[in-house]
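I opened my notebook to jot down what I could look up in this structure. Here are my entries, in the order I made them.

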Amino acid sequence: MEKPMGAVREQGQILVWVLLMLGVMGLLVGMIYEGGRMFRAWRRLRMAADAAAFAAAQWVDPDTFQASGRVVLRWPQAQRAAQEAAALNAPGAACATAYVNPLTGKVVVRCYGRIRGLLLLGEIRLAARGEARPAFGARNEGE
Amino acid sequence: MGPLMRKRLRNRSGQALVELLLAFPLLVLMAAAVMAFGRIFHAGLQAEAAAHGAARFAAETLSAGRGVWQAQAAAQLALRAAGLDPGRARVWVQAARWGRGERVRAQVCLRVSVSDIPFARWIVPAGFVDQCATAYREIQRWKSQWEP
């Protein structure tokens, strides 16, 4: 019997669909994996920023505080401590200048990291902010 | 090829069943992989959170014994809050010297079992994966040795 006019060959259609769907599923799995990797890297950076803020908050200048009641950081030491803490907790992370937020009185550090995307995303820059209460009290026992 | 054979080959009833049988193992394997990956990923995140919590609490005291105890308690609390079994976790807390400004290191390793997920052993032959995380903190510089 001859094919009626307008009839389309259906052989191989399923194969095309299966290949297409496999591609879509592969892309979805890749995106989920990529998203998870980025979320994990960002969370690690956020914890590193917290540790950096905690480290910087140990470097309050006690003399300025005693004289004026103002919370001022000993800058080079605070900065160095923040950088070290961030780099230890999230390798490759770098932090901007630590400062005291005048509204909250907390020490704030903003840290940055990079992650290389596996798909077509290239390199992505991550940022996280850490906060800690300034620490001061006894420098020596009995104080 | 005879006309009868040709007709049988063109008969498409049952084609869907054959396709389903071919696709089903792949789908099951993918589902198992997603479940196993999700569990391992969750455990990895929680191990990191537990390590950071442990380091944070260890840094709050000048007493080594108390620091280790606080760190272990914090890690176990974090894992329990995340719905994980702290009994499967190992926590190490150490510092070169326990004193003001010294660095304390906390490591949490969590054994994640995937053996109860069907076909997961095809992906993870051992049936478990260890997820470890490390965190560092400086011990408080302004802390008194006095403890309540």
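These are my notes, starting with one chain as a whole and then going through single spots.

**Entry 1: chain A overall.** First reminder to myself: this is a predicted model. I looked up the secondary structure of chain A and found three helices and four strands. Going from the N terminus, I wrote the order down as α-α-α-β-β-β-β. Chain A has 143 residues, and 34% of them are buried. Its accessible surface is about 9,100 Å², and carbon and sulfur atoms hold 61% of that. I also checked contacts between residues at least 6 apart in sequence: in chain A, 54% of these join residues at least 24 apart.

**Entry 2: the core.** Which residues touch the most other members of the largest nonpolar core? I got V109(A) and C111(A), out of 62 residues in that core. I then listed what C111(A) touches, leaving out residues up to four places away in sequence; among them are L45(A), A49(A), A86(A), C95(A) and L126(A).

**Entry 3: F39(A).** This one sits in helix α1 of chain A, which covers residues 13-56.

**Entry 4: a helix in chain B.** Helix α2 of chain B takes in residues 15-58, which is 44 residues. From first C-alpha to last it reaches 64 Å, close to the 64 Å expected at 1.5 Å a residue. Where is the kink in α2(B)? I found it at A23(B), shortly before the proline P25(B), and it is about 30°.

**Entry 5: Q140(B).** I placed Q140(B) in the segment after β3 (128-138) of chain B. Its relative accessible area is 11%, which is under 20%, so Q140(B) is buried. What does its side chain make a polar contact with? The partner is the side chain of E60(B), at 3.0 Å. Leaving out residues up to four places away in sequence, Q140(B) touches F54(A), Q58(A) and A135(A) from chain A, and also A59(B), E60(B), L62(B), R100(B) and G101(B) from chain B.

Notes:
Residues are numbered from 1 along each chain as its sequence is written. Chains are lettered from A and ligands numbered from 1 in the order in which they are written. This is a predicted model: local features need pLDDT of at least 70, side-chain atom pairs count only at pLDDT 80 or more; totals for chains, interfaces and linings use all residues. Side-chain values use heavy atoms; hydrogens and water are left out. Helices (H or I, at least four residues) and strands (E, at least two) are DSSP runs, numbered from the N terminus. The expected span of a helix is 1.5 Å times one less than its number of residues. The bend at a residue is the angle between axes fitted to the seven residues ending there and the seven starting there. Buried means under 20% relative accessible area, exposed over 50%, partly exposed in between (1.4 Å probe, protein chains only). A polar contact is a pair of N or O atoms within 3.5 Å; within protein, one must be able to donate a hydrogen and the other to accept it, and residues adjacent in sequence count only if both atoms are side-chain atoms. Contact means heavy atoms within 4.5 Å. A nonpolar core is a set of buried Ala, Val, Leu, Ile, Met, Phe, Trp, Tyr and Cys residues joined through side-chain atoms within 4.5 Å. Accessible areas come from the Shrake-Rupley method with a 1.4 Å probe; for residues, only the protein chains shown count as cover.
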